[in-house]
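Me: Can you walk me through this one? I'd like to go from the annotation to the sheets, then a helix pair and the symmetry.

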There are 2 protein chains.
Amino acid sequence: MELRQLDNGFELIQNELVVLVHSYDNPAFFVGIGNEKIEIYRGNFSIEDAVQERIPLRHSRIEDDAVYLSYDHNTPVLLCLHFEKLTERDAKLTIDSQHSQLNRFWVRVNAKENDKVWGCGEQMSYFNLRGRHFPLWTSEPGVGRDKTTEITFLSDKYNKAGGDYYHTNYPQPTFISSQHYACHVNSTAYSDFDFRHSNYHELHTWEIPESIEFYTDTTFLNIVEKLSLRFGRQPKLPEWIYNGVILGLKGGEENSFSRMENAVNRGVKVAGLWSEDWAGIRQTSFGKRLFWDWKWSTKRYPNLDRKIRELKQKNIRFLAYISPYLCEDGELYPIAKELGLFALNKKGEVALVDFGEFNCGVLDFTNEKTRSWVKSEIIQKNMLDLGISGWMADFGEYLPTEDLYLHNGVDAKLMHNAWPSLWASVNAEAVAERGLTGEIMFFMRSGFSGSQKYCPMLWAGDQCVDFSRHDGLNTVICGALSSGLLGNAYHHSDIGGYTSLFGNRRTKEVFERWVDMAAFTPMMRTHEGNRPDENFQFDQDVNTIEHLARMTRIYCHLTPYLKSLVDEAGMKGYPVQRPLFVHFEHDFNTYDIQDQYMYGNDLLVAPVHKKDVTEWTVYLPAGETWVHLWNAQEIQGGQSITVPAPIGKTPVFYRRNSQWRGLFEEIKNIS
Amino acid sequence: MELRQLDNGFELIQNELVVLVHSYDNPAFFVGIGNEKIEIYRGNFSIEDAVQERIPLRHSRIEDDAVYLSYDHNTPVLLCLHFEKLTERDAKLTIDSQHSQLNRFWVRVNAKENDKVWGCGEQMSYFNLRGRHFPLWTSEPGVGRDKTTEITFLSDKYNKAGGDYYHTNYPQPTFISSQHYACHVNSTAYSDFDFRHSNYHELHTWEIPESIEFYTDTTFLNIVEKLSLRFGRQPKLPEWIYNGVILGLKGGEENSFSRMENAVNRGVKVAGLWSEDWAGIRQTSFGKRLFWDWKWSTKRYPNLDRKIRELKQKNIRFLAYISPYLCEDGELYPIAKELGLFALNKKGEVALVDFGEFNCGVLDFTNEKTRSWVKSEIIQKNMLDLGISGWMADFGEYLPTEDLYLHNGVDAKLMHNAWPSLWASVNAEAVAERGLTGEIMFFMRSGFSGSQKYCPMLWAGDQCVDFSRHDGLNTVICGALSSGLLGNAYHHSDIGGYTSLFGNRRTKEVFERWVDMAAFTPMMRTHEGNRPDENFQFDQDVNTIEHLARMTRIYCHLTPYLKSLVDEAGMKGYPVQRPLFVHFEHDFNTYDIQDQYMYGNDLLVAPVHKKDVTEWTVYLPAGETWVHLWNAQEIQGGQSITVPAPIGKTPVFYRRNSQWRGLFEEIKNIS
């Protein structure tokens, strides 16, 4: 890539591909001053900005590899860009500003009318981002996420929690263009990437970012490989994951273990028992909530140490739950407070955060002392020493921006987005210090640039227990595809969804369709949901448990194939679940598909995500002959076809010439 | 007022009062470029802006009475302000820009932390505007106007019509500050006045405005007087208005006249029969709609000419209805089309507007030919010659901004807000040409700067048939107070409200409380609502018609007092309904009150606007002894008191020493 001077500006260019062009009449850079207003309510943010100034930096002057930008030729330089080649094809613009007052930045990168754009973290509503703008700020993703639905209306009204299409636990200021370039902005500030314009994308950040990186390559897979190296690759999946499903059960020891044993007896292949409530529970109006005091609750799990050992002998692991906060009424809170491990408010007291009828201190991960204590006292002593093999490392999105002061002295507004990867790094280091990387599996919903390096597995957050367009089963696929392109190889979701509110209840059908999809993801895990008693559970009827058993057998049967994908993820950074177009660049019909995925190179999965469906229409990419997994029918690609889609036979196809054909052929005989 | 140079800027100052201050470090002027996106759906607008540039004009240079503003000392002048004294206390800044590319303008005028602000046209939700911003764009006001209510949610979802607190038929870029100054921006562009900042108000327009005017005076009443002169004063009310209520009945001739006669026989004092459907009807899903072909429907009103003459002999007038559009399927449409009286689209065809299941041509009032034709053919021949004494001059807010071309060649985006006063002027001129000004009464909901001069009476638009906070009875008071301050002396509303949708139905209680208020406004007029059959009507039960009869007697009894207010409106421009604070400047408790009003100088009215109320709390301003209208109890001002508030005895108080005391005392005996 090179920086090339033009008559009245400059451009960044790689062969024919212009990634950025700046001129006096069409400046690409703007700086300004804004006053934001950010309000937090239980992880939901109301964010407004009043832009005071937005100054086009029309005038540019180039000296060696530096560009000096100003409003006009005779006014002061406001920004300096340092061009640096990363490789022959990739480059970085490091940005200096002498004006500390400037806190708004806009840059326009190249777009063409028909471009597609993907990425921006884990996006749940839209895979192709073109035509919309995407505020990037880690938060609760919202309930319903669609202002035209009753559930979103009621969630907004009563909990400020309805959300919208762009709300996500895991935003990231990185995207891939169909012009075969990727762009990453190095900033943790609030940002907003706007893909609504025909001939540019406007990237906006609430600070002058440190740098902007551009990656180009001849194929999308090569670009994904580069990004996965840039952000860090995950360790291999632990061997025990391949044993079957992880059952989420949180009814206390007696209830959870007996229900799990029942499942095993009914033929369900079980890899783990995940008991969120290992540290205790509390009752709130949202449902049963966990007691955020991260240590074994001997009251709720009296024999947990012995039980974990016994489970391990049966080749089943025990998984737990933590968050980066400690509740005020727990036992660890006063210890951490005494040690000064929490973020403080302006009075110098612990800054408490409302998590919904209970308050917590924020463990300050910018303080090395806090990090050490959480690693040793919570993760290593309370969890690993107890024999726990994995956990949900929940939350990370709630860092308040007002009246909260961190040990590193950086404004909480700039640390808010950084928090998910800090939280991931504490977990990863605790595991690594014990030499257990790749053996322990924790999973997270929150994320940001850099999470890739630390978080071994994403989980798609708290879907509604339904098929809704913006918060149901299908959004999990969109989340896997968008995050996967940015170097997150492993993704999974709560089987059956999580959120049941305002009369929305999980049905048997929703649960079973979700099982069908999960068998073709790297990890199967059930969740009881926020209100277990009111929602359909896996062991509620015999059919469902038998169905689950069969799908776990299929999941296990695919182990050799999945292991090959895991190897590939380690070597190339390719995600296990991939958008169709990375394997079919020549077939533009694939570029917008967000409810089907390639499960590795050889399988195409099209989960059913609607109610009362008996058949399903699938697009099969051109240039391949596809074999239907369940009836061995061969179909030429380059067309949409409609196939029967009963529960238990979600539409899946494999490439006729796959080296895994034998393995795939056997699946239809698994009962 | 004077323009005073400062070290690094300038200020506009009147004695101690600084209305505008500009310096290099805190510029008051900004210009820029924006690209708006405006979508219309049946009078509801979705409006977005992408601001490309917002340049602070830090540098100022003063020469005589001109200020030259630029980004910096060595960059080109972008704006020139010409200072002009209007009077000793008032001034105007005329603005010139050499840069036609600039289409965004911001100016900051002075504010203090505790200032209140009022005006911005007819505001229905908030009287004191401080703490919010107010987009100013004439439109449908919305249904429910409150995003937390079910009716607004459903109206948004199904009709894009929910609205919000700032939506109004009558916006105006003019406000009064509690610092005793008024500010008016001369522009018909979309604007947004932002009163959320502690030390300035930011006024934003989507063009470089022609000028900004400042008026200062020692009292609020003096400022109101100045504004009413500036924008024009209304003629006196016609004598026949004082005869009683105008009954809105639209069931065709037989039904409307017989129900009116029944009301007269029951003792209701009737000033007029208002039959909206005089030109015919059509059925839509919203309810019965009128047939927009503005001439006597001999089918629906076979004997209307004779009936009108007979009515007049009984001292009752007939009122009709028109809008500034003609429906495609009417008889006038082809004539107007042939004459080229409509606004056109880019193909040169008539630009049709969707009014909800029917399309209309837009009569182009920038074309003198259209104006003449509408005046002579519709208003004079079809209405005045038939003996019609008044009408609802409806609509005016729907001028589309895309693909609509006007005779005067001005962009429809700039003419949109101008349309209401153009529409008013056509009506006023038609009446004036016949020498009937002050004898004919038409009333409008849409408005803008300048409507004052042409529109003899405002009506508050289409409230919901309920007591809701943002679209119910109480919003009418807010509308009267805010528009009244800007020189609209006469205001009234649909008794009982208008909009019944999504299960919202008018009750007997709502209707009767509305009657109680209307008796203390300049004009009483009932409305059947959009769905007459499903909503409570005045003659539906004997009690209600008797109650209405009594309240019309009270209205008529007040005629001498009301006439004195009408005289005052003509001489001073004071509105009939006034905020308490204009008469009680010393009592700061009155500054935020928006559900009580002074009915002239001597009466204080506090309409009941909630359900199931038996008593009501009223604030009585300090420095006066008040007499309760219904029980003659004397109360010292400067306190809130709670009084019984049965239907028929809405809380009303008069000044003990009023010259009208005798008249007021008799009211309690009217049965």
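Reply: One definition before the annotation: UniProt positions are given in the numbering used here, feature names are shortened, and annotations may be inferred rather than shown by experiment. Also, this is a predicted model.

Me: OK. What does UniProt place at residues 285-564 of chain A?
Reply: The record, an unreviewed entry, has "domain: Glycoside hydrolase family 31 TIM barrel" there. In the model, that span is 37% helix and 11% strand, and its end C-alpha atoms lie 45 Å apart.

Me: Sheets next. In what order do the 5 strands of the open sheet in chain A run?
Reply: The order is E18-E19-E22-E26-E27, with parallel pairing. Strand E18 (245-248) and strand E27 (441-443) of chain A are the edge strands, each pairing on one side only. On average, neighbouring strands here are turned by 25° against each other, direction ignored.

Me: How many bridges are there between E22 and E26 of chain A?
Reply: 4 bridges, in the parallel sense, between E22 (residues 317-322) and E26 (residues 390-393) of chain A. Ile322(A) stands opposite Ala393(A) in E26(A).

Me: Which helix packs on that sheet, touching those two strands?
Reply: Helix H6 (residues 368-384) of chain A touches E22 and E26 of chain A. The direction of H6 makes about 150° with that of E22(A).

Me: Switching to chain B: is the pairing in the 3-strand open sheet parallel or antiparallel?
Reply: Antiparallel, in the order E23-E25-E24 (chain B). E23 (325-327) and E24 (352-354) of chain B each have a single partner strand, so one side of each has no neighbour in the sheet.

Me: Helices now. At what angle do H3 and H4 of chain A pack?
Reply: About 10°, with the axes of H3 (residues 252-265) and H4 (residues 304-313) 12 Å apart. Angles under 35 degrees count as roughly parallel, so H3(A) and H4(A) are roughly parallel to each other. Glu253(A), Phe257(A) and Met260(A) of H3(A) meet Leu304(A), Lys307(A) and Leu311(A) of H4(A). By class, that contact has 4 nonpolar, no polar and 2 charged residues.

Me: Last topic: what rotation superposes chain B on chain A?
Reply: 180°, with 0.0 Å of shift along the axis and an RMSD of 0.0 Å. That is the relation of a two-fold axis. Of the residues of chain B, Arg54(B) comes closest to the rotation axis, at 2.3 Å (C-alpha).

Me: Why do you say the copies meet through the same surface?
Reply: Because 100% of the interface residues of chain B are also interface residues in chain A.

Notes: Residues numbered from 1 in each chain as written. Chains lettered and ligands numbered in written order. Predicted model: local features only at pLDDT ≥ 70, side-chain atom pairs only at ≥ 80, totals over all residues. Heavy atoms only, no water. Pairing = 2+ DSSP bridges. Axes fitted to C-alpha atoms, helices over the stretch in contact; angles between N-to-C directions. Parallel < 35°, antiparallel > 145°, perpendicular 65-115°, else oblique. Contact = heavy atoms within 4.5 Å. Nonpolar A, V, L, I, M, F, W, Y, C, P; charged D, E, K, R; others polar. Least-squares fit on C-alpha atoms with pLDDT ≥ 70 in both.
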